[in-house]
Amino acid sequence: MHDVHDFEDVKIPIGPQHPALKEPESFLISLRGEKITASSVRLGYNHRGIEKACEERTYTQGLYLIERICGICSHSHSTCFVQAVEEIAGIEITARAKYLRTLIGELERIHSHLLWLGVAGHEIGFDTLLMYTWRDREVVMDLLATLTGNRVNYGINTVGGVRRDISHKQKEEVLKAIDILEERTKYYIDLAKGETTLIKRLQGVGVLSHEDAEKLDAVGPTARASGIERDVRKDDPYAAYGELDFKVISVNSCDVYGRTLVRLGELMESFSLVRQVIRKIPDGSILVKSARKVPAGEAVSRYEAPRGEDLHYVRANGTEKPDRVKVRAPTLANIQSVSKMLEDRYLADMPIVIAAIDPCFSCTDRLVAVRDTKNKGSNTVVWETIRLQGIEWYKNKGIDFTSLNEKLTKLS
Amino acid sequence: MGIISKIINWSRLKSPWVLHFNTGACNACDIEIIAALTPRYDLERFGVVLKATPRHADVLLCSGPVTKQIESRLLRIYEQMSEPKFVVAVGTCACSGGVFNGCYNVAGGINSVIPVSAYIPGCPASPKAIIDGVVKLLQSLEAKPKSKRPGGKK
């Protein structure tokens with residue numbers, strides 16, 4: 001007879017294709033009995049090389065590519081990028097354009113949070129919730145389709161403003177749909193506060209203490225459920241958020257249940273924000289003309305995506321193509337906290353704990369790990385080498401920035 | 001065609017089991033695939049059931065351009081499926097590589113790795129288009145039941 005302590009930890013690979021995961025990523029879980037002793041995540045299956053591809057495209061082309069970083073928070077990425085470009089170019093967009101960006105951004109948050117609620121329901125075996133929320137989500141998808149012309153990847157942003165205006169009739173449609181959604185969300189809040197099975201399944205699962213959340217730099221609803229009131233919309237207002245009235249929802253329960261409550265609360269705030277935008281939206285044009293070439297300079301832009309703070313860095317070199325684009329998506333900031341949440345927890349909690357940060361690996365896969373398989377073991381490549389390789393690669397393709405860069409260094 | 005294979009073919013057409021695999025997509029097509037399975041569009045009324053493992057699936061729904069990391073995994077999943085198997089490329093990226101064509105880590109569309117039976121374009125392919133594509137695939141199987149992989153390499 002073996003004692004359970006005689007055994008070594010069992011290692012279980014999960015992914016890249018696994019029923020519990022919706023995206024290709026892989027986890028290596030060490031188990032002792034039912035409990036997780038260690039976990040590590042391997043990303044990169046979704047890495048497409050968007051940052052480098054942006055350097056080959058003009059700002060406008062890059063904008064549509066950036067939008068396709070993620071199909072759930074596409075507006076977040078495109079707004080974040082376009083804000084950085086506008087800052088470098090010194091373009092001040094019109095107030096109406098700012099309000100329209102806010103409107104689409106909040107509608108996107110509504111669709112993303114409803115989507116999350118369904119996925120969370122699915123992960124805990126509550127498929128009815130998935131079917132309910134996804135049915136309701138179609139209401140907001142219809143709105144986005146009428147306002148922008150596409151259900152996902154709206155393509156409404158452009159350098160200098162937005163591409164589509166909102167009509168009086170559309171405003172009424174938005175208000176009508178928001179009323180329906182608000183009523184449904186109230187039902188979900190009742191459900192989350194009253195349904196014992198749901199509460200029992202989520203309470204005390206995936207605990208991330210306030211200190212750990214601070215230390216691991218959690219962002220978005222993950223941080224706000226651990227009592228950190230961090231929201232870019234409030235801390236560093238962009239678009240029209242400075243003129244709108246809303247609360248930052250945060251709770252102190254530090255678990256998956258708290259994250260559910262935060263997202264439900266944010267849905268209610270989003271409804272109020274959409275109503276305010278419709279009421280306050282000023283008249284005027286939606287687009288200011290901008291030059292194709294952007295002067296040399298650099299900018300960092302922040303945006304509160306549904307999953308947390310999204311950060312884009314853009315460096316311009318005076319041509320019509322960016323010199324460097326860097327994206328730090330919210331999931332990359334949150335993924336560190338997952339191993340903390342999984343520590344000493346049951347394997348059965350893993351799907352919901354991972355789902356609770358609302359991970360988006362297509363956002364996150366911005367990194368490349370170069371591994372030398374012949375020599376066994378990993379090989380670290382310094383940043384400078386990659387940069388020089390990149391320059392060489394472009395030179396071979398006939399794109400040369402050397403003379404331009406020399407001019408720039410002389411100027412500065 | 002024997003009576004047994006007739007019955008098998010009939011049941012296959014009435015209830016194709018699908019496996020969804022994200023080969024490096026931006027999530028948009030994946031979300032639309034799930035949306036097609038939920039109440040508004042309800043792909044399940046055609047007997048389509050989402051399965052979790054390639055060994056149970058008849059149809060592989062692929063979304064996204066094939067990244068170099070996922071290439072070997074996609075091939076492995078395809079090989080794990082039992083014959084006859086069909087691949088549906090959902091979205092422009094899956095059809096041809098789309099906007100990601102030429103990126104250093106992208107191998108191209110799904111058909112650069114495995115044979116594809118049906119292509120559903122769109123960025124993202126809307127749930128309506130996905131339903132249309134799946135129904136068309138089923139109709140094509142009904143018309144020529146002997147062909148194992150329409151559009152596949154012979």
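This is a predicted model: local features need pLDDT of at least 70, side-chain atom pairs count only at pLDDT 80 or more; totals for chains, interfaces and linings use all residues.
**Ground rules.** I number residues from 1 along each chain as its sequence is written, and I letter chains from A and number ligands from 1 in the order in which they are written.

**Domains of chain A.** I looked up the domain assignment, whose bounds come from an automatic or database source. Chain A has domain 1 (50-364) and domain 2 (370-412). Their C-alpha centres lie 33 Å apart.

**Sheet in chain A.** I took strands (E, at least two residues) and helices (H or I, at least four) as DSSP runs, numbered from the N terminus. Two strands count as paired if DSSP finds at least two bridges between them. In chain A, β6, β7 and β8 form an open antiparallel sheet, in that order. β6 (297-305) and β8 (322-328) of chain A are the edges with a single partner strand each, so one side of each has no neighbour in the sheet. From one strand to the next the twist averages 15 degrees; axes are lines fitted to C-alpha atoms, for helices over the stretch in contact, and angles run from 0 to 180 degrees between N-to-C directions. I found six bridges between β7 (residues 308-316) of chain A and β8(A). Val314(A) has Val325(A) in β8(A) as its bridge partner.

**Sheet in chain B.** Here I found five strands in an open sheet with parallel pairing, ordered β2-β1-β3-β5-β7 (chain B). β2 (49-51) and β7 (118-120) of chain B are the edge strands, each pairing on one side only. The twist averages 30 degrees from one strand to the next. β1 (residues 17-22) and β3 (residues 59-63) of chain B share five bridges in the parallel sense. Asn22(B) is opposite Ser63(B) in β3(B). Helix α3 (residues 71-80) of chain B packs on this sheet and touches β1, β3 and β5 (86-90) of chain B, at about 165 degrees to the direction of β3(B). Contact means heavy atoms within 4.5 Å.

**Rings.** I counted rings of Phe, Tyr and Trp (its six-membered ring) as paired if their centres lie within 6.5 Å, with planes under 30 degrees apart stacked, over 60 edge-to-face and the rest tilted. Over all chains there are five aromatic pairs. Tyr241(A) and Phe246(A) have ring centres 5.9 Å apart and planes at 70 degrees, so I noted the pair as edge-to-face. Both Tyr241(A) and Phe246(A) are buried (under 20% relative accessible area; exposed is over 50%, partly exposed in between; 1.4 Å probe, protein chains only).

**Two loop residues.** Pro24(A) is in the loop between β1 (10-14) and β2 (26-32) of chain A, buried at a relative accessible area of 2%. Beyond neighbours within four places in sequence, Pro24(A) contacts residues including Tyr45(A), Asn22(B) and Ile70(B). Asp58(B) is in the loop between β2 and β3 of chain B and is buried at 16%.

Methods:
Side-chain values use heavy atoms; hydrogens and water are left out.
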